[in-house]
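This briefing sets out selected structural features of one protein chain, grouped by topic. The sequence and the structure are shown first, and the notes follow.

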Amino acid sequence: MSDEKAGQPGTGSSAHPGTARKHTALPKAEILIEALPWLTRHNGKVVVIKFGGNAMIDEDLKAAFAQDVVFLRQAGLKPVVVHGGGPQINAQLDKQGLISEFKAGLRVTTPEAMDVVRMVLAGHVQRELVGLLNQHGPLAVGLTGEDAHTITATKHSPEIDGELVDIGRVGEITSINTGAIEALLSDGRIPVVSSIARSADDHHVYNVNADTAAAALAAALGAETLMVLTDVEGLYADWPSSDEVISRLTVSELEKLLPELSSGMVPKMEGCLHAVRNGVTTARVIDGRVQHSILLEIFTDEGIGTMVVPDEPQGGAK
């Protein structure tokens, strides 16, 4: 091996030992410095993250997500993770010979299907996510909306063609109790919340849309940011004619766009709208297919995805 390849300057080189090493490390320092204002701004603030889409299925993306959340916690933020589990629920229903049926974009949830939903969310998806987070230390604690009355719901009956339709054990959130989550945050833990709720009316357990649950929790916790992971780059300006992503829009602008959105984006963008209208500083839809998308969005000048802000931006805060 030559002197040069061994990391030493070659014969006749005027370079000082270690110069090359310093230069290759410089971009890392620049990245850290770029993150500094965002670290300062978000320090001590609650960030609610809705975990979903391809990031829940791909092993590498799951691992990167866990690293991102732990990084937020170690950087002085207070992350709260909310998750659903559509693909995993579908797979388990198929295994048990139960049909997956959807009406008005929501899963028809029979009592038998609700047992599966509860088992998959609290017994499989949550356990796996808590395990990934806890590879980095004793940080994550799993709970469901049932625990300590964190999420209370009533039976939701959507309107289709002017008529109310019974879709079973699907819940509409009526109240949020943040006590258990706040206690965990105060203890330095990362709460991981499954989107199921108990009803105060009939004491049944209900399946709650995870986007809606994350938005309601973000508002109740007075979060700085709601982040919704999805399988697209963000909100497109003119899909499918263009793949240009709207990087920033106000709640009023979003409200006008809602009727034109695809059914899959509606609960996500309605969640963003609810969160920002109820005191959350910003809400973002980001591409969960990109490794470390959470860190890219929070800690870089450019960010990725779509950010929703109040009608009167508060100092242009990111």
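The model is a predicted one. Its secondary structure comes to nine helices and 16 strands, and buried residues make up 47% of the 318 residues in the protein. Of the contacts between residues at least 6 apart in sequence, 71% join residues at least 24 apart.

- Helix 6 comprises residues 210–221 and lies across strand 6 (151–155) and strand 9, running at about 15° to strand 9.
- The helix is mostly covered, with 10 of its 12 residues buried; among them are Ala 210, Asp 211, Leu 217 and Leu 221.
- Just after helix 6 comes Gly 222, with a positive phi of about 65°.

- An open sheet with mixed pairing is formed by four strands in the order 9-6-11-12.
- Strand 9 (171–176) and strand 12 (205–207) stand at the edges; each has a single partner strand, so one side of each is left without a neighbour in the sheet.
- On average, neighbouring strands of this sheet are turned by 50° against each other, direction ignored.
- Strand 11 (residues 196–199) and strand 12 run antiparallel and are joined by three bridges.
- Ala 197 has Tyr 206 as its bridge partner in strand 12.

**Nonpolar cores**

- The largest nonpolar core has 40 residues, and those with the most contacts inside it are Ile 49, Phe 65 and Leu 133.
- Elements that each supply at least two residues of this core include helix 1 (19–42), strand 1 (46–51), helix 2 (59–74), helix 4 (111–133) and strand 13 (225–230).
- Helix 4 provides the largest share of this core, 11 residues.
- Beyond its neighbours within four places in sequence, Ile 49 is in contact with residues including Phe 65, Val 69, Leu 72, Met 227, Leu 229 and Ile 294.
- Another core, of 39 residues, lies apart from it; Val 82, Leu 184, Val 228 and Val 251 are among its residues.
- In soluble globular proteins, nonpolar side chains tend to be buried together.

**Helix 8**

- Helix 8 (residues 266–277) has 12 residues and reaches 16 Å from its first C-alpha to its last, close to the 16 Å expected at 1.5 Å a residue.
- Its buried residues are Lys 268, Met 269, Gly 271, Cys 272, Leu 273, Ala 275 and Val 276.
- The elements that cover these buried residues include strand 1, helix 6, strand 13, helix 7 (251–257), strand 15 (282–287) and strand 16 (306–309).
- Helix 8 is followed by Gly 279, whose phi is positive, near 100°.

- Leu 61 belongs to helix 2 and has a relative accessible area of 7%, so it is buried.
- Leu 61 and Gly 288 are 227 residues apart in sequence, yet 7.8 Å apart in space, C-alpha to C-alpha.
- Not counting residues up to four places away in sequence, Leu 61 touches Asn 54, Ala 55, Gly 288, Arg 289, Val 290 and Gln 291.
- Ser 293 is placed in helix 9 and counts as buried because its relative accessibility is 3%, under the cut-off of 20%.
- A polar atom of the Ser 293 side chain lies 3.3 Å from the backbone oxygen of Asp 287.
- Leaving aside neighbours within four places in sequence, Ser 293 is in contact with Asp 68, Ile 286, Asp 287, Gly 288 and Ile 304.

**Positive phi outside glycine**

- Ala 148 is not a glycine but has a positive phi near 55°.
- The position of Ala 148 is in the loop between strand 5 (140–144) and strand 6, and its relative accessible area of 51% makes it exposed.
- His 292, likewise not a glycine, has a positive phi of about 65°.
- His 292 lies in the loop between strand 15 and helix 9 and counts as partly exposed at 29% relative accessibility.

Definitions and conventions
Residues numbered from 1 in each chain as written. Predicted model: local features only at pLDDT ≥ 70, side-chain atom pairs only at ≥ 80, totals over all residues. Heavy atoms only, no water. Pairing = 2+ DSSP bridges. Axes fitted to C-alpha atoms, helices over the stretch in contact; angles between N-to-C directions. Contact = heavy atoms within 4.5 Å. Buried < 20%, exposed > 50% of the residue type's maximum accessible area, 1.4 Å probe, protein only. Core = buried A, V, L, I, M, F, W, Y, C linked by side-chain atoms within 4.5 Å. Polar contact = N/O pair within 3.5 Å; in protein donor to acceptor, adjacent residues only side chain to side chain. Expected span 1.5 Å × (residues − 1).
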